[in-house]
Number of protein chains: 2
Amino acid sequence: MGWKFSNDKPIFAQIIDQVELMIISGQYVLGDRLLSVRDMATEAGVNPNTMQKALTELEKKGLLLTNRTNGKFITDDQELVQQIRAEKAVKYIAQLLKNMHSLGYGKKEIQEIFNKQMEELGA
Amino acid sequence: MGWKFSNDKPIFAQIIDQVELMIISGQYVLGDRLLSVRDMATEAGVNPNTMQKALTELEKKGLLLTNRTNGKFITDDQELVQQIRAEKAVKYIAQLLKNMHSLGYGKKEIQEIFNKQMEELGA
DNA sequence: ACTATTGTATTATCTACTTAATACACCAAT
DNA sequence: ATTGGTGTATTAAGTAGATAATACAATAGT
């Protein structure tokens, strides 16, 4: 897991985003055990408290489970994971359309620019 | 100008974004004078120092000009404005494609979801 | 000349985020 | 039972963003 942080957002929030992404994109195996809070903190180069704070949030979302003295585990609820993934996709696109609209672009223009950039994509 | 701020980003950064958007989307008339720093701060419900900090950044970008004792003005460089607007659109879409990719969506799926949400758009 | 309004600068304080160091509670493995 | 590795909690200190109050510099308008 390669950790990277920017300075335009609290680190704990970025950890939440990144771990969530790892889970819903299938880069984590559902049901697997995470590294310990301490080890993840070391790996990410942040304080254990900060890691703890982020993971607690993900537990509230239902994406992580805690086994008191054994560690934290990824949920094995595949439905939940897929639902969150689909929601995120819809949200991303809705955000794009909102952004383009706020720039003053109309439906037709958006379609054009989108298609153009899609074509420039490999595969 | 209706000011709204979230708590997931510094306020001065959000002011930069919002004012820039007003300019490049044509909601400000190029060459027009802004309200005074103090008045804009009051209007936005922030401290004058915070507003000052944001406007200084926009001046560095070339979108604002300062007339020492008369106030700050929107640039009248229409080319610059249009260039920034186009850049932003490209950036937004690139970001979307990156986001969708990180969720594990392929080109075809992205196209499908995008089209679906475009159709749900009025006009 | 004077005044009011402009941008700008300075200093202090407050809050949220982060780090740091430490301690505690729990339990599987030995 | 003891040990070692879990998660969790607490307290203190550092840093950046934001607020607050104030002062200064420049000039347009009178």
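**Exercise 1. Sort the residues of the surface near DNA strand C into nonpolar, polar and charged.**

Solution. The surface divides into 5 nonpolar, 13 polar and 4 charged residues. Here Ala, Val, Leu, Ile, Met, Phe, Trp, Tyr, Cys and Pro count as nonpolar, Asp, Glu, Lys and Arg as charged, and the others, Gly among them, as polar. A residue is near the strand if its C-beta atom, placed from the backbone, lies within 6 Å of it.

The model is predicted: local features need pLDDT of at least 70, side-chain atom pairs count only at pLDDT 80 or more, and totals for chains, interfaces and linings use all residues. Residues are numbered from 1 along each chain as its sequence is written, while chains are lettered from A and ligands numbered from 1 in the order in which they are written.

**Exercise 2. Find which residues come nearest to DNA strand C, and which helix gives the largest share of the surface.**

Solution. Step two: helix 3 of chain B supplies the largest share, 3 residues. Helices (H or I, at least four residues) and strands (E, at least two) are DSSP runs, numbered from the N terminus.

**Exercise 3. Describe how strand 1 and strand 2 of chain A are joined.**

Solution. Strand 1 (residues 64–67) and strand 2 (residues 71–74) run antiparallel and are joined by 4 bridges; two strands pair if DSSP finds at least two bridges between them. A:Asn67 stands opposite A:Gly71.

**Exercise 4. State which residues of helix 3 of chain A are buried, and why they line one face.**

Solution. Step one: the buried residues are A:Met51, A:Ala54, A:Leu55 and A:Leu58. A residue is buried if 20 or more other C-beta atoms lie within 10 Å of its own, exposed if 12 or fewer, and partly exposed in between, with C-beta atoms placed from the backbone. Step two: seen down the axis of helix 3 of chain A, the buried residues fall within an arc of 95°, so they line one face of the helix. The arc is that of the directions from the helix axis to the C-beta atoms. Step three: the face turned away from the buried side carries the exposed residues A:Asn49 and A:Lys60. Step four: just after helix 3 of chain A, A:Gly62 takes a positive phi of about 90°.
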